[in-house]
Amino acid sequence: MLDSKEISAVELTEQYLDRIEKSDKEINSYITVCKENALADAKKAQEEENNKLIECVKACLPDEKLEYKVESLKATETPAVILLSEYARRIQDMNKVLGESFAPEGQVTLVLNSENEIVKKIPSLTEENRKLVCEHIYDLALMAHKPLSAEQMSKFIARNVKLLELLAE
């Protein structure tokens, strides 16, 4: 279950702890249950998995200003979203109202959805396919955030063709 990423280490640990709590009242098989330690270890394992995923994606995306996070998003079909810092978002809103094109440097975060099946498979992909998938996920997140530039759109279309070729093989 953990290897296939069907469930996280924290979720699995919580399920086992709940099961122990419910059944141990009757069978009294545990002297001590270290719930806090078990959850802390599970969270540490989950952080290591998340860091591994972030490093895989970071290696594929050359943008040094980009921050990365792994979170469980409500919509499992969404592989990633872009978050702006509050300052950058407000400046962007002001620019729309004033009709200006001033774009300040702000913290941009790519939030990878730990519940998405594609994101779960990123570390196991070949290097070439990993780069293709990571760039595509990033462009999808950007498109949901703002229109792509002409150059970004050309690369996105070329990548789509490449993905379709891979699927057609």
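Which residues does Phe156 touch, not counting residues up to four places away in sequence? In this predicted model, in which local features need pLDDT of at least 70, side-chain atom pairs count only at pLDDT 80 or more, and totals for chains, interfaces and linings use all residues, Phe156 touches His136, Asp139, Leu140, Met143 and Leu148, where contact means heavy atoms within 4.5 Å. Residues are numbered from 1 along each chain as its sequence is written, and side-chain values use heavy atoms, with hydrogens and water left out.

The secondary structure of the protein comprises 6 helices and 3 strands, helices (H or I, at least four residues) and strands (E, at least two) being DSSP runs numbered from the N terminus. The order of the elements from the N terminus is α-α-β-β-α-β-α-α-α. Of the 169 residues in the protein, 31% are buried; buried means under 20% relative accessible area, exposed over 50%, and partly exposed in between (1.4 Å probe, protein chains only). The protein exposes about 11,900 Å², and carbon and sulfur atoms supply 53% of this area. Accessible areas come from the Shrake-Rupley method with a 1.4 Å probe; for residues, only the protein chains shown count as cover. Among contacts with a separation of 6 or more, 66% are between residues 24 or more positions apart.

Helix α5 has 19 residues and spans 27 Å from its first C-alpha to its last, close to the 27 Å expected at 1.5 Å a residue; the expected span is 1.5 Å times one less than the number of residues. Buried residues of α5 include Arg130, Leu132, Val133, Cys134, Glu135, His136, Ile137 and Asp139. The cover over the buried residues of α5 includes α2 (35–60), β1 (66–71), β2 (80–84), β3, α4 (117–121) and α6.

The largest nonpolar core has 23 residues, of which Val57, Leu110, Leu112 and Ile122 touch the most other members. A nonpolar core is a set of buried Ala, Val, Leu, Ile, Met, Phe, Trp, Tyr and Cys residues joined through side-chain atoms within 4.5 Å. Two or more residues of this core come from each of α2, β1, β2, β3 and α5, and α5 gives the most, with 6 residues. Leaving aside residues up to four places away in sequence, Val57 touches Tyr68, Leu110, Leu112, Ile122 and Cys134. Thr109 is located in strand β3 (residues 108–113) and counts as buried at 9% relative accessibility. With residues up to four places away in sequence again not counted, Thr109 is in contact with Glu67, Tyr68, Lys69, Val81, Ile82 and Leu83.

Side chains of opposite charge can pair when their charged atoms come close. The structure holds 8 salt bridges, a salt bridge being a side-chain nitrogen of Lys or Arg within 4 Å of a carboxyl oxygen of Asp or Glu. One of these joins Glu135 and Arg159, whose closest N and O atoms are 3.3 Å apart. Glu135 lies in helix α5 (residues 127–145) and Arg159 in helix α6 (residues 150–168), so this pair ties together parts that are 24 residues apart in sequence. Both residues of the pair Glu135 and Arg159 are buried. Arg159 also meets Asp139 in a salt bridge, with an N to O distance of 2.6 Å. This second pair likewise links distant parts of the chain, with Asp139 in helix α5 and Arg159 in helix α6, 20 residues apart; both Asp139 and Arg159 are buried. Lys131, Glu135, Asp139 and Arg159 are linked in a network of salt bridges.

Lys155 and Glu151 are separated by about one helical turn because they are 4 residues apart in helix α6. Lys155 is partly exposed, at 49% relative accessibility, whereas Glu151 is exposed, with a relative accessible area of 53%. Phe156 is also placed in helix α6 and, at 9% relative accessibility, counts as buried. The C-alpha atoms of Phe156 and Glu135 are separated by 8.4 Å, the two residues being 21 residues apart along the chain.

On the surface, Met94, Val97 and Leu98 form a nonpolar patch with about 340 Å² of accessible area together. Patches are made of residues with over 30% relative accessible area and no salt bridge, like charges being joined within 9 Å and nonpolar side chains (Val, Leu, Ile, Met, Phe, Trp, Tyr) within 5 Å. Met94 belongs to helix α3 (residues 86–98) and is partly exposed, at 47% relative accessibility.
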